[in-house]
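Could you put the model up on your screen while you read this? I've jotted down some notes to go with it.

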Amino acid sequence: MRERVPHGETPGAALADCAGRRVRWWSRRRALRGLAALVLYTATAAVAGTWPERPIRLVVGYPAGGSADAGARHLAGIVSKALGQQVVVENRPGAAGSVAAASVARAAPDGYTVFYGTSDLVIHAALNPKAAYDLQRDFTPVTGIGRRPVLLVAHPSVKARTVKDLVALAKAQPGALTVESSGVGSIEHLSAEVFQRATGVKLTHVPYKGSAPAILDLLAGQVQLGFEVPLAVVEHVRAGKLVAIVSSGRERLASLPEVPTAHEAGVPDLDLQAPWAGIFVPASTPAAVVARLNAEFVRARDLEQTRASPVFQDSVSITGTPEAFSAFLRAEVTRWARIAKDTGVTVGQ
(Lines give C-alpha, C1' and ligand atoms only; values in the text may rest on other atoms or scores of the structure.)
Protein backbone atom coordinates (compact mmCIF):
# COMPACT_ATOMS: atom_id res chain seq x y z
CA MET A 1 0.00 0.00 0.00
CA ARG A 2 1.31 3.49 -0.90
CA GLU A 3 1.99 5.77 2.07
CA ARG A 4 -0.07 8.98 2.20
CA VAL A 5 1.90 12.23 2.12
CA PRO A 6 0.92 14.63 4.93
CA HIS A 7 -0.56 17.98 3.82
CA GLY A 8 2.15 20.51 2.96
CA GLU A 9 4.94 17.87 2.75
CA THR A 10 6.58 16.89 -0.51
CA PRO A 11 6.75 13.26 -1.58
CA GLY A 12 10.55 13.41 -1.51
CA ALA A 13 10.64 14.58 2.09
CA ALA A 14 8.21 11.87 3.11
CA LEU A 15 10.34 9.20 1.46
CA ALA A 16 13.47 10.52 3.13
CA ASP A 17 11.78 10.48 6.52
CA CYS A 18 10.56 6.89 5.93
CA ALA A 19 14.05 5.79 4.90
CA GLY A 20 15.49 7.40 7.99
CA ARG A 21 13.08 5.56 10.24
CA ARG A 22 14.00 2.26 8.59
CA VAL A 23 17.74 2.94 9.02
CA ARG A 24 17.23 3.72 12.71
CA TRP A 25 15.11 0.53 13.10
CA TRP A 26 17.81 -1.63 11.48
CA SER A 27 20.48 0.08 13.59
CA ARG A 28 18.58 -0.70 16.79
CA ARG A 29 18.02 -4.29 15.64
CA ARG A 30 21.71 -4.72 14.85
CA ALA A 31 22.65 -3.24 18.21
CA LEU A 32 20.30 -5.64 20.02
CA ARG A 33 21.75 -8.59 18.13
CA GLY A 34 25.24 -7.48 19.03
CA LEU A 35 24.28 -7.12 22.67
CA ALA A 36 22.70 -10.60 22.71
CA ALA A 37 25.83 -12.08 21.13
CA LEU A 38 28.02 -10.30 23.68
CA VAL A 39 25.89 -11.61 26.57
CA LEU A 40 26.04 -15.17 25.17
CA TYR A 41 29.80 -14.95 24.63
CA THR A 42 30.34 -13.57 28.15
CA ALA A 43 28.17 -16.29 29.70
CA THR A 44 29.95 -19.00 27.71
CA ALA A 45 33.36 -17.67 28.67
CA ALA A 46 32.33 -17.49 32.32
CA VAL A 47 31.07 -21.08 32.28
CA ALA A 48 34.19 -22.29 30.50
CA GLY A 49 36.41 -20.52 33.00
CA THR A 50 34.80 -22.05 36.08
CA TRP A 51 33.31 -25.34 34.87
CA PRO A 52 33.14 -27.83 36.47
CA GLU A 53 32.52 -26.56 39.98
CA ARG A 54 30.47 -29.53 41.19
CA PRO A 55 29.88 -33.21 40.31
CA ILE A 56 28.58 -34.11 36.86
CA ARG A 57 25.74 -36.57 36.20
CA LEU A 58 26.39 -39.16 33.49
CA VAL A 59 22.91 -40.52 32.72
CA VAL A 60 22.58 -44.09 31.41
CA GLY A 61 19.25 -45.38 30.11
CA TYR A 62 19.72 -48.94 31.38
CA PRO A 63 19.96 -50.73 34.75
CA ALA A 64 23.23 -51.19 36.60
CA GLY A 65 25.09 -54.31 35.53
CA GLY A 66 24.47 -54.06 31.79
CA SER A 67 27.06 -53.36 29.08
CA ALA A 68 26.10 -49.68 28.68
CA ASP A 69 26.35 -49.18 32.43
CA ALA A 70 29.76 -50.88 32.52
CA GLY A 71 31.10 -48.74 29.67
CA ALA A 72 29.81 -45.53 31.24
CA ARG A 73 31.32 -46.34 34.64
CA HIS A 74 34.71 -47.19 33.14
CA LEU A 75 34.91 -43.86 31.29
CA ALA A 76 33.43 -41.89 34.20
CA GLY A 77 36.26 -42.99 36.48
CA ILE A 78 38.91 -41.73 34.05
CA VAL A 79 37.14 -38.46 33.19
CA SER A 80 36.52 -37.70 36.89
CA LYS A 81 40.26 -37.59 37.52
CA ALA A 82 40.89 -35.38 34.49
CA LEU A 83 38.17 -32.85 35.39
CA GLY A 84 38.84 -32.78 39.11
CA GLN A 85 35.14 -33.40 39.80
CA GLN A 86 33.25 -36.64 40.27
CA VAL A 87 31.35 -37.92 37.24
CA VAL A 88 28.47 -39.81 38.84
CA VAL A 89 26.66 -42.47 36.81
CA GLU A 90 22.88 -42.25 37.16
CA ASN A 91 20.82 -45.17 35.87
CA ARG A 92 17.38 -44.26 34.48
CA PRO A 93 16.10 -47.42 32.75
CA GLY A 94 12.96 -47.70 30.70
CA ALA A 95 11.66 -47.84 27.11
CA ALA A 96 15.02 -48.82 25.58
CA GLY A 97 16.78 -45.73 26.90
CA SER A 98 14.13 -43.20 25.88
CA VAL A 99 13.15 -42.39 29.48
CA ALA A 100 16.70 -41.27 30.18
CA ALA A 101 16.92 -39.44 26.84
CA ALA A 102 13.78 -37.44 27.57
CA SER A 103 15.09 -36.47 31.01
CA VAL A 104 18.39 -35.25 29.57
CA ALA A 105 16.58 -33.31 26.82
CA ARG A 106 14.79 -31.34 29.58
CA ALA A 107 17.92 -30.80 31.70
CA ALA A 108 19.66 -27.45 32.07
CA PRO A 109 22.35 -26.99 29.36
CA ASP A 110 25.05 -26.14 31.89
CA GLY A 111 27.48 -29.01 31.40
CA TYR A 112 26.43 -30.84 34.55
CA THR A 113 24.14 -33.35 32.82
CA VAL A 114 25.77 -35.66 30.27
CA PHE A 115 24.14 -38.57 28.48
CA TYR A 116 25.74 -41.92 27.65
CA GLY A 117 23.48 -42.60 24.68
CA THR A 118 23.35 -45.68 22.48
CA SER A 119 22.00 -46.58 19.06
CA ASP A 120 18.62 -47.04 20.77
CA LEU A 121 18.45 -43.23 20.89
CA VAL A 122 18.21 -43.12 17.10
CA ILE A 123 16.18 -46.30 16.74
CA HIS A 124 13.47 -45.19 19.17
CA ALA A 125 13.10 -41.86 17.36
CA ALA A 126 12.82 -43.70 14.03
CA LEU A 127 10.11 -45.98 15.40
CA ASN A 128 8.13 -43.34 17.27
CA PRO A 129 7.13 -40.07 15.57
CA LYS A 130 5.77 -38.93 18.96
CA ALA A 131 9.02 -39.53 20.83
CA ALA A 132 9.51 -37.35 23.91
CA TYR A 133 12.70 -35.91 22.43
CA ASP A 134 14.02 -34.73 19.09
CA LEU A 135 17.55 -35.92 18.37
CA GLN A 136 18.61 -32.83 16.41
CA ARG A 137 16.70 -30.25 18.44
CA ASP A 138 17.31 -31.45 22.00
CA PHE A 139 20.90 -32.74 22.00
CA THR A 140 24.41 -31.64 21.15
CA PRO A 141 26.59 -34.62 20.13
CA VAL A 142 29.95 -34.67 21.93
CA THR A 143 31.73 -37.76 20.61
CA GLY A 144 31.21 -41.32 19.52
CA ILE A 145 32.63 -43.99 21.80
CA GLY A 146 32.45 -47.28 19.95
CA ARG A 147 30.33 -49.87 18.25
CA ARG A 148 30.23 -53.64 18.45
CA PRO A 149 28.18 -56.51 17.04
CA VAL A 150 25.35 -58.34 18.73
CA LEU A 151 25.50 -62.04 19.45
CA LEU A 152 22.56 -64.40 19.03
CA VAL A 153 22.61 -66.71 22.04
CA ALA A 154 20.30 -69.50 23.14
CA HIS A 155 19.54 -71.32 26.36
CA PRO A 156 21.17 -74.81 26.22
CA SER A 157 17.71 -76.40 26.27
CA VAL A 158 17.15 -75.13 22.71
CA LYS A 159 18.03 -78.01 20.39
CA ALA A 160 19.94 -75.89 17.88
CA ARG A 161 23.60 -74.96 17.62
CA THR A 162 23.65 -73.31 14.18
CA VAL A 163 21.48 -70.80 12.32
CA LYS A 164 20.35 -73.57 9.98
CA ASP A 165 19.23 -75.76 12.87
CA LEU A 166 17.54 -72.84 14.64
CA VAL A 167 15.60 -71.86 11.51
CA ALA A 168 14.40 -75.43 11.04
CA LEU A 169 13.30 -75.64 14.68
CA ALA A 170 11.53 -72.27 14.58
CA LYS A 171 9.70 -73.09 11.36
CA ALA A 172 8.50 -76.37 12.82
CA GLN A 173 7.02 -74.50 15.82
CA PRO A 174 6.06 -70.96 14.71
CA GLY A 175 6.01 -68.57 17.68
CA ALA A 176 7.02 -71.23 20.20
CA LEU A 177 10.52 -69.86 20.70
CA THR A 178 10.79 -66.64 22.74
CA VAL A 179 13.41 -63.93 22.26
CA GLU A 180 14.21 -61.35 24.93
CA SER A 181 15.28 -57.72 24.50
CA SER A 182 16.05 -54.67 26.63
CA GLY A 183 12.81 -53.07 25.46
CA VAL A 184 10.48 -52.53 22.53
CA GLY A 185 12.39 -50.75 19.78
CA SER A 186 15.82 -51.59 21.19
CA ILE A 187 18.71 -52.84 19.06
CA GLU A 188 18.10 -56.33 20.47
CA HIS A 189 14.46 -56.16 19.42
CA LEU A 190 15.27 -54.82 15.93
CA SER A 191 17.96 -57.49 15.52
CA ALA A 192 15.34 -60.15 16.24
CA GLU A 193 12.94 -58.56 13.76
CA VAL A 194 15.60 -58.40 11.04
CA PHE A 195 16.55 -62.02 11.75
CA GLN A 196 12.93 -63.14 11.40
CA ARG A 197 12.50 -61.29 8.09
CA ALA A 198 15.79 -62.67 6.75
CA THR A 199 15.03 -66.29 7.67
CA GLY A 200 11.23 -66.43 7.44
CA VAL A 201 10.72 -67.61 11.02
CA LYS A 202 8.30 -66.47 13.71
CA LEU A 203 9.59 -65.77 17.24
CA THR A 204 7.73 -64.36 20.24
CA HIS A 205 9.28 -61.15 21.55
CA VAL A 206 9.55 -60.63 25.32
CA PRO A 207 10.73 -57.08 26.22
CA TYR A 208 12.43 -56.15 29.52
CA LYS A 209 13.61 -52.91 31.15
CA GLY A 210 17.23 -53.46 30.21
CA SER A 211 19.54 -56.29 29.26
CA ALA A 212 20.51 -57.28 32.80
CA PRO A 213 17.06 -58.62 33.85
CA ALA A 214 16.54 -60.07 30.37
CA ILE A 215 19.76 -62.08 30.57
CA LEU A 216 18.85 -63.35 34.04
CA ASP A 217 15.65 -64.83 32.65
CA LEU A 218 17.54 -66.18 29.63
CA LEU A 219 19.99 -67.96 31.93
CA ALA A 220 17.06 -69.38 33.91
CA GLY A 221 15.39 -70.67 30.74
CA GLN A 222 12.38 -68.40 31.13
CA VAL A 223 13.09 -67.20 27.56
CA GLN A 224 14.99 -69.19 24.93
CA LEU A 225 16.85 -66.69 22.74
CA GLY A 226 18.48 -63.28 22.94
CA PHE A 227 20.51 -60.82 20.87
CA GLU A 228 23.09 -59.35 23.24
CA VAL A 229 26.43 -57.57 23.08
CA PRO A 230 29.30 -60.04 23.61
CA LEU A 231 30.43 -58.42 26.87
CA ALA A 232 27.11 -59.22 28.53
CA VAL A 233 27.11 -62.93 27.70
CA VAL A 234 30.64 -64.08 26.80
CA GLU A 235 31.39 -65.55 30.22
CA HIS A 236 28.06 -67.38 30.24
CA VAL A 237 28.89 -68.84 26.82
CA ARG A 238 32.32 -69.96 27.99
CA ALA A 239 30.74 -71.55 31.07
CA GLY A 240 28.24 -73.47 28.96
CA LYS A 241 25.26 -71.64 30.41
CA LEU A 242 24.40 -70.15 27.01
CA VAL A 243 25.08 -71.21 23.44
CA ALA A 244 26.42 -68.68 20.91
CA ILE A 245 24.92 -69.22 17.46
CA VAL A 246 25.95 -66.25 15.29
CA SER A 247 27.61 -62.81 15.52
CA SER A 248 26.26 -59.84 13.57
CA GLY A 249 29.75 -58.45 12.89
CA ARG A 250 31.70 -58.60 9.65
CA GLU A 251 34.66 -60.22 11.39
CA ARG A 252 34.70 -62.97 13.98
CA LEU A 253 34.82 -61.90 17.60
CA ALA A 254 38.16 -61.82 19.37
CA SER A 255 36.41 -63.05 22.51
CA LEU A 256 34.60 -65.95 20.76
CA PRO A 257 36.48 -66.65 17.52
CA GLU A 258 34.67 -69.95 16.98
CA VAL A 259 31.32 -68.22 16.42
CA PRO A 260 30.49 -67.59 12.72
CA THR A 261 29.58 -64.13 11.41
CA ALA A 262 26.21 -63.26 9.91
CA HIS A 263 27.71 -63.41 6.43
CA GLU A 264 29.22 -66.84 7.06
CA ALA A 265 25.92 -68.11 8.47
CA GLY A 266 23.92 -66.91 5.47
CA VAL A 267 22.09 -63.98 7.12
CA PRO A 268 24.03 -60.90 5.90
CA ASP A 269 21.04 -58.63 6.64
CA LEU A 270 21.85 -59.14 10.33
CA ASP A 271 25.06 -57.11 9.86
CA LEU A 272 23.56 -53.93 11.38
CA GLN A 273 26.85 -52.34 12.54
CA ALA A 274 25.28 -51.67 15.91
CA PRO A 275 24.90 -51.24 18.82
CA TRP A 276 27.04 -48.17 19.32
CA ALA A 277 27.50 -45.70 22.17
CA GLY A 278 28.27 -42.00 22.32
CA ILE A 279 28.29 -38.95 24.57
CA PHE A 280 25.62 -36.24 24.35
CA VAL A 281 24.67 -33.09 26.27
CA PRO A 282 21.47 -31.00 26.20
CA ALA A 283 21.22 -28.59 23.27
CA SER A 284 22.66 -25.09 23.89
CA THR A 285 25.36 -26.38 26.25
CA PRO A 286 28.25 -23.87 25.92
CA ALA A 287 30.63 -24.75 23.10
CA ALA A 288 33.66 -24.51 25.38
CA VAL A 289 32.16 -27.10 27.72
CA VAL A 290 31.34 -29.38 24.79
CA ALA A 291 34.94 -29.07 23.57
CA ARG A 292 36.33 -29.97 27.00
CA LEU A 293 34.01 -32.95 27.38
CA ASN A 294 34.94 -34.09 23.89
CA ALA A 295 38.65 -33.91 24.67
CA GLU A 296 38.36 -35.83 27.94
CA PHE A 297 36.01 -38.57 26.72
CA VAL A 298 38.04 -39.14 23.54
CA ARG A 299 41.21 -39.34 25.61
CA ALA A 300 39.58 -41.81 28.02
CA ARG A 301 38.24 -43.87 25.12
CA ASP A 302 41.61 -44.10 23.40
CA LEU A 303 43.69 -45.00 26.46
CA GLU A 304 45.41 -48.38 26.36
CA GLN A 305 43.71 -49.32 29.64
CA THR A 306 40.33 -48.76 27.96
CA ARG A 307 41.18 -50.72 24.83
CA ALA A 308 42.53 -53.56 26.97
CA SER A 309 39.49 -53.58 29.26
CA PRO A 310 37.01 -56.46 28.91
CA VAL A 311 34.30 -53.78 28.92
CA PHE A 312 35.40 -52.63 25.47
CA GLN A 313 36.52 -55.94 24.02
CA ASP A 314 35.17 -56.49 20.49
CA SER A 315 34.40 -52.75 20.30
CA VAL A 316 35.55 -50.52 17.41
CA SER A 317 36.03 -46.78 18.05
CA ILE A 318 33.85 -44.40 16.06
CA THR A 319 34.02 -40.70 15.13
CA GLY A 320 35.87 -38.42 17.52
CA THR A 321 34.87 -34.79 16.83
CA PRO A 322 31.38 -33.39 17.52
CA GLU A 323 31.05 -32.56 13.81
CA ALA A 324 31.99 -36.05 12.66
CA PHE A 325 29.68 -37.62 15.24
CA SER A 326 26.84 -35.38 14.04
CA ALA A 327 27.38 -36.59 10.46
CA PHE A 328 27.43 -40.19 11.69
CA LEU A 329 24.12 -39.63 13.49
CA ARG A 330 22.44 -38.17 10.41
CA ALA A 331 23.39 -41.28 8.45
CA GLU A 332 22.10 -43.48 11.28
CA VAL A 333 18.76 -41.68 11.33
CA THR A 334 18.29 -42.36 7.62
CA ARG A 335 19.36 -46.01 7.91
CA TRP A 336 17.17 -46.87 10.90
CA ALA A 337 14.16 -45.09 9.43
CA ARG A 338 14.48 -47.46 6.47
CA ILE A 339 14.83 -50.51 8.74
CA ALA A 340 11.84 -49.39 10.81
CA LYS A 341 9.76 -49.11 7.64
CA ASP A 342 10.91 -52.53 6.42
CA THR A 343 10.16 -54.31 9.71
CA GLY A 344 6.97 -52.43 10.47
CA VAL A 345 7.92 -52.02 14.14
CA THR A 346 6.50 -48.95 15.90
CA VAL A 347 6.42 -47.78 19.50
CA GLY A 348 4.40 -45.20 21.36
CA GLN A 349 1.48 -45.24 18.94
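1. Ground rules first. This is a predicted model, where local features need pLDDT of at least 70 and side-chain atom pairs count only at pLDDT 80 or more, while totals for chains, interfaces and linings use all residues. Residue numbers start from 1 along each chain as its sequence is written, and side-chain values rest on heavy atoms, with hydrogens and water left out.

2. On secondary structure, I have 12 helices and 10 strands for the chain.

3. Of the 349 residues in the chain, 50% are buried. Buried here is under 20% relative accessible area, exposed is over 50%, and partly exposed lies in between (1.4 Å probe, protein chains only). The accessible surface is about 16600 Å², and carbon and sulfur atoms own 56% of that; areas come from the Shrake-Rupley method with a 1.4 Å probe, and for residues only the protein chains shown count as cover.

4. Now contacts, meaning heavy atoms within 4.5 Å. Looking at those in the chain with a separation of 6 or more, 77% are between residues 24 or more positions apart.

5. How many salt bridges does the structure hold? The count is 13, with a salt bridge taken as a side-chain nitrogen of Lys or Arg within 4 Å of a carboxyl oxygen of Asp or Glu. As a reminder, side chains of opposite charge can pair when their charged atoms come close.

6. Have a look at Glu90 and Arg57, whose side chains form a salt bridge at 3.0 Å, N to O. That pair ties together distant parts of the chain, with Glu90 in strand 2 (residues 87-91) and Arg57 in strand 1 (residues 56-60), 33 residues apart. Glu90 is partly exposed at 23% relative accessibility, and Arg57 is partly exposed too, at 30%.

7. Glu90 also has a salt bridge to Arg92, with 3.7 Å between the closest N and O atoms. Arg92 is partly exposed at 32% relative accessibility.

8. One more pair: Arg137 and Asp138 make a salt bridge, their closest N and O atoms 2.8 Å apart. Arg137 is exposed at 56% relative accessible area, whereas Asp138 is buried at 12%.

Definitions and conventions. Helix = DSSP H or I, 4+ residues; strand = E, 2+ residues; numbered from the N terminus.
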